[in-house]
Amino acid sequence: MSPAGASPDTPHATSPQPVGVAEVRRAVRRLLATHDPATTARIDFLRAQFDAGLAWVHYPVGLGGLGAPRALQSLVTAELAAAGAPDNDPRRIGIGLGMAAPTILRYGTEEQKHRLLRPLWTGEEVWCQLFSEPGAGSDLAALGTRAVHVPARGTDQGTDQCAPAGADGARAGEWLVDGQKVWTSQAHLARWAILIARTDPNLPKHRGITYFVCDMTDPGVEVRPLRQLTGEAEFNEVFLTGVRIPDDRRLGDVGEGWRVARTTLMNERVAIGGGSVPREHGMIGVAARAWRDHPELRTHDLHQRLLRLWVEAEAARYAGQRLGQQLAVGQPGPEGSAMKLAFARLNQEISGLEVELMGEAGLAYDDWTMRRPDLVDFTAREAGYRYLRARGNSIEGGTSEILLNIIAERVLGLPPEPRADKDAAWKDLPR
């Protein structure tokens, strides 16, 4: 199965002629004329929106797009919202939208793209990400989950992880997967997962990895909740025991999983830290409202800190807009790591400021009951929750220490850290 997808950020390059504002507006009008949001069931409208090419306009025709410039998506969103059209609840399906979809589009076969992208975008199928492991968190390439190539069930051939590939890169048979993943958001809700596993332990750690799509309903997949500091079990650990994944659910070539995963990781950091948001959105908005609502709690020191953080939040917001413009014309790059790093630091500092401002009230916490939430909403809870939950921002989506390395090496051009294990076979590394 050779990579068959186009670049997720430049699909319009293959279109005969560029699609402009007029064509996109006509597509919106046709959709609203044939599917009145007031009388059309929500899921039916979302499916029609995808089929009309208005899901993500920069994707290719037939895959939810029109081959138009990415910037025109905001026009679609505004016009549909004005008409009262439903959205696809992007926060609930953020992993699918922000991480799985760009990877599928770039590396998936045509069959994979047509099967997976539509229900992903409409939210009919939730996705999760099976990357991190207990023994390979920050050093993701050291992962130990194994995938061994085996004949399809019903055949009598022996195990052969090096079975020859066909002319299109596809192999017959299946992959038998065993291992453990950790810190998996929405695994308890997901139908599909993007998964990386080691397929050749004799190669260096970055070269013996392959990328798969795993059906979370298959036998051998067990999801267990991980209760965190907030009392919630927002994350999960996932055990994979003899899980059989058909070879036609592989993304990219065998052994090229790290290259495919980098596409996912770059998009993940953009999804977490990037994007265009209104002024005083998120944590800084909550802190600013608390300051305005409680003049009796103000001090000079807190005022100076709030002003500094407000300015930094504005700088980050404008940087996110610039990153969005860069995405409109090319691949996500290391800039997303800088945005995610800033997002984590700001959230932690702002939540700390809010707790100090509110005093005793800032320590209040409504419910420690173990829950498994569908999504995380920082602004809908109390200050104590925000303070505790923000501690995880510097871990999830790549630790701040790893992001600092990426910025140093790939943005600033500084010498890389010594990596003694870079060329050693994974099986020979200490664990």
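**Figure 1. Helix α4 is mostly covered, with 12 of its 14 residues buried.** Buried means under 20% relative accessible area, exposed means over 50%, and partly exposed lies in between, for a 1.4 Å probe and protein chains only. The buried residues of α4 are I95, G96, L97, G98, M99, A100, A101, P102, T103, I104, L105 and Y107. Helix α4 covers residues 94–107 and reaches 19 Å from its first C-alpha to its last, close to the 20 Å expected at 1.5 Å a residue. The expected span is 1.5 Å times one less than the number of residues in the helix. At A100, shortly before the proline P102, α4 has a kink of about 40°. The bend at a residue is the angle between axes fitted to the seven residues ending there and the seven starting there. Helices are DSSP runs (H or I, at least four residues), numbered from the N terminus.

The model is predicted: local features need pLDDT of at least 70, side-chain atom pairs count only at pLDDT 80 or more, and totals for chains, interfaces and linings use all residues. Residues are numbered from 1 along each chain as its sequence is written, and side-chain values use heavy atoms, with hydrogens and water left out.

**Figure 2. Ring pairs join F50, W56, Y59 and W121 into a cluster.** Nine aromatic pairs are found in a search of the whole structure. One of them is the tilted pair of F50 and W121, at 6.4 Å centre to centre and with 45° between the planes. This pair links distant parts of the chain, since F50 lies in helix α2 (residues 42–51) and W121 in helix α5 (residues 110–122), 71 residues apart. F50 is buried at 4% relative accessibility, and W121 is buried at 6%. The rings of W56 and Y59 have centres 4.3 Å apart and planes at 25°, so this pair is stacked. W56 is buried, with a relative accessible area of 7%, and Y59 is buried at 3%. Rings of Phe, Tyr and Trp (its six-membered ring) pair if their centres lie within 6.5 Å; planes under 30 degrees apart count as stacked, over 60 as edge-to-face and the rest as tilted.

**Figure 3. Two arginines each place a charged end over an aromatic ring.** The charged end of R224 is 4.0 Å from the centre of the F239 ring. For R381, the charged end sits over the ring of Y385, 4.1 Å from its centre. A charge sits over a ring if NZ of Lys or CZ of Arg is within 6 Å of the ring centre and within 35 degrees of the ring normal.

**Figure 4. D89 has a positive phi although it is not a glycine.** The phi of D89 is about 55°. D89 is placed in the loop between α3 (73–82) and α4. D89 counts as partly exposed because its relative accessibility is 28%.

**Figure 5. E280, a residue other than glycine, also has a positive phi.** Its value is near 55°. E280 is found in the loop between α6 (257–273) and α7 (283–293). At 22% relative accessibility, E280 is partly exposed.

Definitions and conventions
Helix = DSSP H or I, 4+ residues; strand = E, 2+ residues; numbered from the N terminus.
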